[in-house]
2 protein chains.
Amino acid sequence: MRPDEKPNLRRLPLFREMMTPTFDDLMQIGYSQVFPPHLELIRQGEYADFLHVIIEGSVELRATWNGRDTVMGVVRPVSTFILAACVCDEPYLMSARTLERSQIVMIPAADVRVALRRDSDFAMAAMRELGEGYRSFVRHTKNLKLRDSLERLAAYILYESNKHDDASSLTLPVEKRHLASYLGMTPENLSRAIKTLHGHGVTVQGMQITITDRARLAAIAGPDPLIDGPGEKVGVPPQRSVS
Amino acid sequence: MRPDEKPNLRRLPLFREMMTPTFDDLMQIGYSQVFPPHLELIRQGEYADFLHVIIEGSVELRATWNGRDTVMGVVRPVSTFILAACVCDEPYLMSARTLERSQIVMIPAADVRVALRRDSDFAMAAMRELGEGYRSFVRHTKNLKLRDSLERLAAYILYESNKHDDASSLTLPVEKRHLASYLGMTPENLSRAIKTLHGHGVTVQGMQITITDRARLAAIAGPDPLIDGPGEKVGVPPQRSVS
DNA sequence: ACTATTGATTGATAAATATCAATCTTAGGA
DNA sequence: TCCTAAGATTGATATTTATCAATCAATAGT
């Protein structure tokens with residue numbers, strides 16, 4: 001691992017409050033690696049060997065069943081993922097693959113568990129992280145069960161805008177078919193939903209979204225922090241993690 | 001709290017490994033209460049005051065948005081719920097109400113947080129609990145996104161049977177409209193799905209389910225531990241908890 | 001600049017699911 | 001026991017969403 005990466009890791013909520021010796025131990029053991037785009041890092045069903053920390057790039061979490069698959073989330077720097085599988089010592093429920101060239105630090109799960117036991121500050125941070133991960137999936141479930149696809153898209157756009165300081169213009173961070181899958185719809189359906197939103201406060205051209213009437217968009221989205229999450233701002237890493 | 005309740009609590013995964021003084025402290029502070037049926041214990045959006053432990057009865061977790069609502073889960077003895085909101089010190093994402101007369105032990109969230117910090121065994125147990133809660137919602141999301149409603153029903157029946165030692169005959173633990181909401185469909189849709197399953201290995205009469213052909217049912221359900229969860233058996237409390 | 005390829009969009013259609021209204025059943029209370 | 005009310009079921013219909021097929025647009029590689 002390059003020495004200039006350590007401060008970035010140290011700033012993560014998961015690592016921020018732990019004791020320095022514990023942190024240094026983990027940094028000693030862990031190693032950094034760069035992966036090409038579209039590489040499968042983790043396959044669902046396998047056992048958790050490493051806690052992953054994404055330093056650069058982006059990683060998509062997917063789930064598969066019976067020939068169908070769906071996007072469960074996207075992880076961006078700097079954050080950790082699959083803490084839960086490490087803590088529980090159980091198989092991964094999701095697969096993970098790079099969307100682009102990505103740099104990732106891998107820390108053996110066994111060493112993470114030892115550190116958790118030794119360092120209570122680390123343990124508290126891990127608890128908060130797991131709690132947040134849990135809550136974020138509760139929200140995702142609420143989103144799927146309570147909103148229809150148009151409402152989910154509207155809420156997504158509003159939320160993305162919120163993250164970027166209420167910017168009225170922003171760029172989709174992923175391909176539309178991935179977004180569609182994440183939102184629980186087909187690409188065709190997303191296309192039509194986008195079209196419907198024209199004239200309801202949003203225009204979309206390619207990857208470029210422009211909010212022309214926030215109130216009308218909000219009327220459809222019905223934004224709710226108990227579904228959409230707290231409005232965490234982006235640009236000041238580290239962000240939230242995926243447990 | 002009655003003294004004969006303490007051993008039951010002590011057997012919970014969350015409390016099993018903690019130090020005795022910590023446990024006794026929490027038991028000293030917490031208090032037991034009996035609630036009538038259909039009482040709202042927790043309202044979504046409020047802040048987490050107490051960690052709840054259900055000793056007797058059953059509690060339904062629901063979520064509401066914009067006039068719609070849905071059943072997110074049912075908690076049965078002996079288990080804890082809303083650990084995540086306690087740990088994160090954030091508002092509840094779900095409401096909770098008793099389905100029947102229920103006895104519940106309530107432990108102030110602030111005291112739980114103090115105990116977590118003091119007792120690393122407790123902290124480890126809490127991490128596992130949160131991790132399991134997280135994973136169970138990941139599975140729920142996969143279920144909703146990857147299976148259609150008939151498949152979800154089939155998987156549910158198979159899973160319930162699994163929990164009861166692969167019994168080929170069992171009773172629905174909740175009213176059908178609640179089950180429908182939990183599975184993400186309307187009561188009408190559930191009725192029709194049940195009818196469809198007749199002739200595919202299942203008969204349902206009232207609350208009574210009989211599996212006549214497990215293989216045919218499994219062919220529809222496509223049971224998968226990465227969605228349906230590990231086959232934990234019932235009847236030997238404590239069961240799994242809802243974080 | 002020009003293909004070739006991949007992703008996006010559109011239209012037509014089908015399937016899944018929800019809604020509404022009308023019974024039917026069942027369990028509890030008088 | 002009967003009556004009532006709540007839940008379940010059924011049928012008819014509407015809405016939502018998915019699927020399939022055919023372009024269209026954008027992009028990367030030569």
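**View 1. Surroundings of DNA strand C.** In this predicted model, DNA strand C is surrounded by 15 residues, and the closest of these are A:K176, A:R177, B:D148, B:M185 and B:E188. Two or more residues of this surface come from each of helix 8 (176-182) and helix 9 (187-197) of chain A, and likewise from helix 7 (149-163) and helix 9 (187-197) of chain B. Helix 9 of chain A contributes the most, with four residues. Sorted by class, the surface near DNA strand C has seven charged, five polar and three nonpolar residues.

**View 2. Surroundings of DNA strand D.** Around DNA strand D there are 16 residues, of which A:D148, A:M185, A:E188, B:K176 and B:R177 come nearest. At least two residues of this surface are supplied by each of helix 7 (149-163) and helix 9 of chain A, and by each of helix 8 (176-182) and helix 9 of chain B. The largest share, five residues, belongs to helix 9 of chain B. The surface near DNA strand D has seven charged, five polar and four nonpolar residues.

View 3. Three strands of chain A form an open sheet with antiparallel pairing, in the order 9-11-10. Strand 9 (169-171) and strand 10 (202-205) of chain A each have a single partner strand and stand at the edges, so one side of each is left without a neighbour in the sheet. From one strand to the next, the twist averages 20°. Strand 9 of chain A and strand 11 (residues 208-211) of chain A run antiparallel and are joined by three bridges, with A:T171 standing opposite A:Q208 in strand 11 of chain A. Helix 7 of chain A packs on this sheet, where it touches strand 9, strand 10 and strand 11 of chain A, and its direction makes about 90° with that of strand 11 of chain A.

**View 4. Contacts between chain A and chain B.** In this interface, 43 residues of chain A are in contact with 43 residues of chain B. On the side of chain A that touches chain B, the elements giving two or more residues are strand 4 (59-65), strand 5 (68-75), helix 4 (83-88), helix 5 (109-118), helix 6 (120-146) and helix 11 (225-228) of chain A. Helix 6 of chain A gives the most, with 21 residues. By class, this side of chain A has 22 nonpolar, twelve polar and nine charged residues.

**View 5. B:M127 in the largest nonpolar core.** The largest nonpolar core has 137 residues, and A:M127 and B:M127 are those with the most contacts inside it. When neighbours within four places in sequence are left aside, B:M127 is in contact with A:V87, A:L116, A:A123, A:A126, A:M127 and A:L130.

**View 6. Backbone details in loops.** A cis peptide bond with omega of about -15° joins A:P77 and A:V78, and A:V78 lies in the loop between strand 5 and strand 6 (79-81) of chain A. In chain B, a cis peptide bond joins B:P77 and B:V78, with omega of about -20°, and B:V78 lies in the loop between strand 5 (68-75) and strand 6 (79-81) of chain B. B:H38, although not a glycine, has a positive phi of about 60°, and its place is in the loop between strand 1 (31-35) and strand 2 (40-42) of chain B. B:H38 is exposed, with 11 other C-beta atoms within 10 Å. B:D89, also a residue other than glycine, has a positive phi near 55° and is found in the loop between helix 4 (83-88) and strand 7 (95-98) of chain B. B:D89 counts as partly exposed, with 13 C-beta neighbours inside 10 Å.

Key: Residues are numbered from 1 along each chain as its sequence is written. Chains are lettered from A and ligands numbered from 1 in the order in which they are written. This is a predicted model: local features need pLDDT of at least 70, side-chain atom pairs count only at pLDDT 80 or more; totals for chains, interfaces and linings use all residues. A residue is near a molecule or strand if its C-beta atom, placed from the backbone, lies within 6 Å of it. Ala, Val, Leu, Ile, Met, Phe, Trp, Tyr, Cys and Pro count as nonpolar, Asp, Glu, Lys and Arg as charged, and the others, Gly among them, as polar. A nonpolar core is a set of buried Ala, Val, Leu, Ile, Met, Phe, Trp, Tyr and Cys residues joined through C-beta atoms within 7 Å. A residue is buried if 20 or more other C-beta atoms lie within 10 Å of its own, exposed if 12 or fewer, and partly exposed in between; C-beta atoms are placed from the backbone. Two residues are in contact if their C-beta atoms, placed from the backbone, lie within 7 Å. Two strands pair if DSSP finds at least two bridges between them. Axes are lines fitted to C-alpha atoms, for helices over the stretch in contact, and angles run from 0 to 180 degrees between N-to-C directions.
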